[in-house]
Amino acid sequence: MDQKLKKIINGVIEKKGKSLGEDVDTSMSLRRDFGLDSFDLAELTVLVEDEFGIDIFADGLVDTLQEVEAKLHG
């Protein structure tokens, strides 16, 4: 996983008392596994867009870490 992206995601999910850790399972759900709500996802979207210039939710919702990565490299 891209280290910049990992840092951004960790910054959001740490507020929920969770962390990605070293071995990231990219099939994990942002909502179900990390407990992100719509406000957290909006924050994540803004932070990713600021860093990478890509709106990860432009073409619809993304749910997994893998889907977020695919948006960046797609």
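Biologist: Is Asn-10 buried or exposed?

Modeller: Asn-10 is buried, because its relative accessible area is 12% and the cut-off for buried is under 20%. Keep in mind that this is a predicted model.

Biologist: Which helix is Asn-10 in?

Modeller: Asn-10 belongs to helix H1, which covers residues 3–13.

Biologist: And what does Asn-10 touch, leaving out residues up to four places away in sequence?

Modeller: Asn-10 touches Ser-19 and Leu-20. With Ser-19 there is also a polar contact, side chain to side chain, at 3.4 Å.

Biologist: Which other residues of H1 are buried?

Modeller: Along with Asn-10, the buried residues of H1 are Leu-5, Lys-6, Ile-8, Ile-9, Val-12 and Ile-13.

Biologist: What covers the buried residues of H1?

Modeller: The cover includes H2 and H3. H2 runs over residues 38–52, and H3 over 65–73.

Biologist: At what angle do the axes of H1 and H2 cross?

Modeller: They cross at roughly 155°, and the axes come within 10 Å. H1 and H2 are therefore roughly antiparallel to each other, as the cut-off for that is over 145 degrees. The crossing of H1 past H2 is right-handed.

Biologist: Which residues make the contact?

Modeller: From H1 they are Lys-4, Leu-5, Ile-8, Ile-9 and Val-12. H2 contributes Asp-40, Glu-43, Leu-44, Leu-47, Val-48, Glu-51 and Phe-52.

Biologist: How many of the contact residues of H1 with H2 are nonpolar, and how many charged?

Modeller: Eight are nonpolar and four are charged, with no polar residues.

Biologist: Take Lys-4. What does Lys-4 touch, not counting residues up to four places away in sequence?

Modeller: Lys-4 touches Glu-51 and Phe-52. Its C-alpha is 15 Å from that of Glu-14, 10 residues apart in sequence.

Biologist: What caps the N-terminal end of H1?

Modeller: Asp-2 does, with a side-chain oxygen 2.9 Å from the backbone nitrogen of Lys-4.

Biologist: Moving on to Lys-15. Where is the place of Lys-15?

Modeller: Lys-15 sits in the loop between H1 and H2. Lys-15 is exposed, with a relative accessible area of 56%.

Biologist: Which side chain does the side chain of Lys-15 make a polar contact with?

Modeller: That of Glu-43, at 2.6 Å. Glu-43 is also one of the H2 residues in the contact with H1. As for Asp-40, Lys-15 is 25 residues from it in sequence and 9.2 Å in space, C-alpha to C-alpha.

Biologist: New topic, the loop between H2 and H3. What about Asp-55?

Modeller: Asp-55 is in that loop and is partly exposed, at a relative accessible area of 31%. A polar atom of its side chain lies 3.0 Å from the backbone nitrogen of Phe-57.

Biologist: What is Asp-55 in contact with, leaving aside neighbours within four places in sequence?

Modeller: Thr-45 and Glu-49.

Biologist: Last one, Asp-59. Buried or exposed?

Modeller: Asp-59 is exposed, since its relative accessible area is 71% and the cut-off is over 50%. Asp-59 is found in the loop between H2 and H3. The separation of its C-alpha from that of Asp-40 is 18 Å, and the two are 19 residues apart along the chain.

Note on methods
Residues are numbered from 1 along each chain as its sequence is written. This is a predicted model: local features need pLDDT of at least 70, side-chain atom pairs count only at pLDDT 80 or more; totals for chains, interfaces and linings use all residues. Side-chain values use heavy atoms; hydrogens and water are left out. Axes are lines fitted to C-alpha atoms, for helices over the stretch in contact, and angles run from 0 to 180 degrees between N-to-C directions. Helices (H or I, at least four residues) and strands (E, at least two) are DSSP runs, numbered from the N terminus. Angles under 35 degrees count as roughly parallel, over 145 as roughly antiparallel, 65 to 115 as roughly perpendicular and the rest as oblique. A crossing is left-handed if the near helix is turned anticlockwise from the far one by less than a right angle, and right-handed if clockwise. Contact means heavy atoms within 4.5 Å. Ala, Val, Leu, Ile, Met, Phe, Trp, Tyr, Cys and Pro count as nonpolar, Asp, Glu, Lys and Arg as charged, and the others, Gly among them, as polar. Buried means under 20% relative accessible area, exposed over 50%, partly exposed in between (1.4 Å probe, protein chains only). A polar contact is a pair of N or O atoms within 3.5 Å; within protein, one must be able to donate a hydrogen and the other to accept it, and residues adjacent in sequence count only if both atoms are side-chain atoms.
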